[in-house]
Amino acid sequence: MSDVVEKTLTALPSLLSLDSQPGSAKLSSTSKLGSLIRGITELTSKHEEEKLIQRELLSIKEQVASPNTTMRQMKELMVRTIYCEMLGYEASFSYIHAIKLAQQGSVLEKRVGYLAVSLFLNESHELLLLLVNTVLKDLQSTNLIEVCMALTVVSQMFPKDMIPAILPLVEEKLNHPKEIIRRKAVLALYKFYLIAPNQVQHIHNKFRKALCDKDPGVMTASLHIYLQMIQENPEGYKDLTGSFVTILKQVVGGKLPMDFNYHSVPAPWLQIQLLRILSLLGKNDPSTSEIMYEVLDESLRRAGMNHNITYAILYECVKCIYTIHPKSDLLEKAAKCIGNFVLSPKINLKYLGLKALTYVVQQDPKLALQHQMTIIECLDHPDLIIKRETLELLFRITNAQNVTVIVEKMLEFLRISKDDHNTIDLVGKVAELAEKYAPDNEWFIETMNTVFSIGGDVMQPDIPNSFLKLLSEGFDSVEEDRKLRLFAVNSYISLLQGEPGKLPQRFLQVISWVLGEYSYLKEDLESAAVLRLLAKLLDMKNSSSETKSWVFMAMTKLCEGTAGVSVAQEVSETYSSSMDTVLRQRAQELEHLSQDSELCAKVLPRGGDREHVEVDSSLSFLDGFVSEALAAGAAPYKPPHQRQEELAQAKVLSLEPYSLSLPISMSSCSITDRQSPTLLSMSSGLSGDSTDLSHKGGSTTLKLDGVKRVWGREGYLSQKEPVEESAQVEVPSPVRSPNQQEEGDSSHSQTPTVTPTLGCEQEKQQLASSLFLGLSTQSPVCLMGKSEPAPQRFRRKAKSLNTSEQISNSLISSPSAVDNLLCNNLLDSSITSEPDLSPPERTTELTTANGTCNTETALTDSGMKGSNPALNRDNSVDATDPPSHEDMDRPKNVCLMSHLPAELCGLAHSEITPLCTNQSLSLSACHVQKEDSLVLVVFINNCSDSDIQQTRIQVDSEDLEVSCVGDSPVEELRSLSVAVCQYSLTVKRPLVNVEVVGMISYQLPVVTTQELQFSYKLPLSSFIRPLMVSTEEYGTMWLAFSNDTKQNLTLISDEQEPLAATLNVLRKKLQLHIVEIIGMEGIVACSLLQDQPCLMHCRVHAGTLAVWLRSPTPDLPDCLIYHCQRALQCH
Amino acid sequence: MMRFLLLFSRQGKLRLQKWFTPMSDREKKKIIRDMTTMVLARQPRSCNFLHWKDLKIIYKRYASLYFCLAVENQENELLALEVIHRYVELLDKYFGNVCELDIIFNFEKAYFILDEFLMGGEIQETSKQIVNRSIEASDMLQETMEEYMSKPAF
């Protein structure tokens, strides 16, 4: 195949002079590009090239700017500019001219213009907007070539937000009589689907039409879209399985026109696309898989030719057969196929064979056994890519018996590999295997040491975290724990005595932590000696300040005895004047704690019990202290944001650090945290008044979903294997290996192809037996899913689960990571369509001005039953107002209702509450929820039999803006009549409950002026309105808001879906808008009246609902959480 | 889906670049540098596939020119190899016994052929005849419209 182009051009300049050469025949010596290229090839240095190109660009710049340049010249200039750009020289001056050329040129010039645009600009370039009009024009052109060009450039690059402008035109092209246009239109839509799936949602049925197009090319193009859509939602397209199978059958059967053949294989691209679609559809679905078996068999049979393209199809077939519901005779054929790949002398096929093996080996470990000798050969292959792929395969078949050999091979590879991406990946795998299957302590610690040294600072941060977690939690046996820790200490001491300067920072941090915690286990070790070793780390130039913090923490835990204290003093003296505030603080801590050994023992108890300690996050034990301080005249606690605000108002230079935006959970300050240097500083910042914290407390935890938990299987080991037993594994027993070999050979008569010298062969056999140990014992091939996991050595105790999660989090959590995680969770999930949960239309319906009965019942119902405490309990009525009185009032309320102003009638309103009464007057009030405000309606009822004069009513509030609606307050009130006043209320600043106070003065004919005072309390919840946002909008808003609160709420657990049920209660009672519910998480939005949004993120965690609120308005989250609590309590 | 296609010479000189997903100039420069060093360092008898970040690189050498195609991880490597081969065949058919010089001096033609063959990172047309027909159709146009004196473009 490579004879296609077997002309090598070594000496370019000499060839150029030979006009007889076919290549150079196409060059016109007068062409300017030709002379430019020739000029460049004649140069000798980079510097000369630079000068030449600069000169060239300068002349191009001059010419493109000249008004006399024709479009045809422009085209030629553009080609030269493209060439210069390809050489790496920027020519941004020409971009605008490229667009102009695409706009104004004739067809051919246009084409070069489009090409230049697509090479120069990318999707975000601002000049691209200028292209939109040209594309629009060309899409409407009658010239097919122009339409094609426009479609091509659209799929290459088009500003995302301009898609709607051209979408109708592209859609139209799906009906174009020319198949080439239809095909390009489908591909352009596919591209739109990839970059903006929402915008092509409405044309899904047109995709179906494309799938049924009479031209196979258009049909093929539509499969790209289908593959994508089926990947996202396989359930939705099961009905198409039959069609796809039929198409594949026709293709395999050679029913397509010859044009589609590629090296006499019918439409291989189409076949592979279909196989991929089928494997997605048939996954875990026996009945759908049933339909495919026949055609898969046919495909395997037909793909018999020895050509790359048939192997490509075979590979895809095998993958499909192993993905869908298994069928034994197909599996057999597929396995044979894999064998052909693996044993092929062609290296590309061998590579694919290894990949296929990796893919299937979990279902069929015997297959690896059959090819063990090939695998061994590949392990020593000079090509690193093959080696890497083999390790991937071995990773899949690792068990407790072969772990040492496999990990050794992996580490060997890591030492020679230079690629960061590879290192990160492989180091993670080694750590995973080591934790899962470690045969003994020494091996484990040594392997992890290598992991830390090689992985250095590029590895995933959860590797050191879970390692420390494992050490600190221990296993089931105390003795075993002690041994492991002691071994770690020993190994680290010797490392520090060597050359610690070469160790990566992360490793040093691990070392300091372990020494700080466990060096006391080594009895013959003086703590002063350890301190000195640690102090040496502080003096090293390349230690980062984070590492130094860890070292300081370790030293603080260790300093004791006169020698130790003197080392500590010396160090802390040096660093107490450090420029780094964190280090300075650590140094101070060290200094103080080293002097006061009693305090030190209290703060940092040695070998402390690491059981989870219930933390009283409300700090109620400080109540006594607080009240004492308050009595002594101390100022009451103010939350940080309030303090900040006041500071800002006072225009005083703020000396406080910026408040932590980190979502620290209070409960993460469990006892284990004392070991983490990063957390101590935070917990010191958490001081507070218990009363304020009482709403905030709870056991809010950080988001843990993204944190990889490597050995999370619960339960106890029935009996721990003694160390000696596992030691035997390291030396493969020669007795066993021939047996195994036999087993492999007898079942499938395949012998290794290469036979090197005998000794070498033996070595390989031995390696094989140690590598594939344990595989043969799992002889029953389990077709579905993974084989049973081997018992793990390091098994975490179930009860310490919580603590461990926290420790890992406190070590790694950073605000951005958490934010991102959350954001991703929110943004990239599909809507779970639960009909009565999220649909926004429903909620809109509730709030529309005409107020459906739904809202009303929700509001008035609760009022009637007295089950809404926010309304009833807090309605403090100034005049004494016993409950019995209220009951008597009820009939009166009903008739008062008729006085409600007509424009408010349709809206949701609260129950009418009496405010105050005397002999002549009785006042009642209710509030009505309008979209943009709350209307307070005061009913003044003259119950005396004389008219009242000069009535004057005043309403005011500290927390609310009050404005009178409608006419000025009534002057005169006839006997036994009712007057109504309306006040529109908006919130000045959020409080849990807000109060309106008022006074009415009036004159009776006989008596002089009388006054009555009243007050009316409103819950903040009546100002809450649903906020209609989409998930995307929510995501951006979330990041923009700064005031946040976290809290745990009770979950309504008697329903099938507790989350949905709970959120529904909140929606009904507080009118929150449920944006989306995704699995165990839900996002909810509301706003305080119109302009103060508040977002809520809820997550079901350990039987409670962890909510996290954010808002731009301070205090709003706190108030809202209070109302949520109340709403759920009285549910 | 394909991400990018690069053509470069044995000396590491870029001859053609096609990016199917948006990328900043800096990224492009880095990728070009990485690709040329990685691919040129490969031993002759090793396999044609490489890993780069989360992408798979499929490369093949034709005479003095390296074709280097990056695809997403789940793609079929052998198929990608055939994509390269089909492109070479198309070039060969158009230029008639194509060589590196043809591509250097007529690189915009090479781009046009590529645009007929691939679109938006997917195969658009696998038939040699059809691709050539559409290229020739526009070339014909060129000749009648611009009345080129000599057949070659320059």
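A salt bridge here is a side-chain nitrogen of Lys or Arg within 4 Å of a carboxyl oxygen of Asp or Glu. By that rule, six salt bridges cross the interface of chain B and chain A. Take one pair: B:Glu77 with A:Lys355, closest N and O atoms 2.8 Å apart.

A word on the source. This is a predicted model: local features need pLDDT of at least 70, side-chain atom pairs count only at pLDDT 80 or more, and totals for chains, interfaces and linings use all residues. Residues are numbered from 1 along each chain as its sequence is written, and side-chain values use heavy atoms, without hydrogens or water.

Back to the interface. Chain B puts in 81 residues and chain A 78, with contact meaning heavy atoms within 4.5 Å. About 7,500 Å² is buried between the two chains, and carbon and sulfur atoms give 60% of that. Buried area is the accessible area (1.4 Å probe) that two parts lose on being put together, summed over both.

Now the sheet in chain B. Five strands form an open sheet, in the order E2-E1-E5-E4-E3, with antiparallel pairing. Strands are DSSP runs of at least two residues, numbered from the N terminus. Two of them pair if DSSP finds at least two bridges between them. Which strands stand at the edges? E2 (14-19) and E3 (49-52) of chain B do; each has a single partner strand, so one side of each is left without a neighbour in the sheet.

Further in, seven bridges join E1 (residues 2-9) to E5 (residues 65-71) of chain B. One bridge pair there: B:Ser9 has B:Leu65 in E5(B) as partner.

Definitions and conventions:
Chains are lettered from A and ligands numbered from 1 in the order in which they are written. Helices (H or I, at least four residues) and strands (E, at least two) are DSSP runs, numbered from the N terminus.
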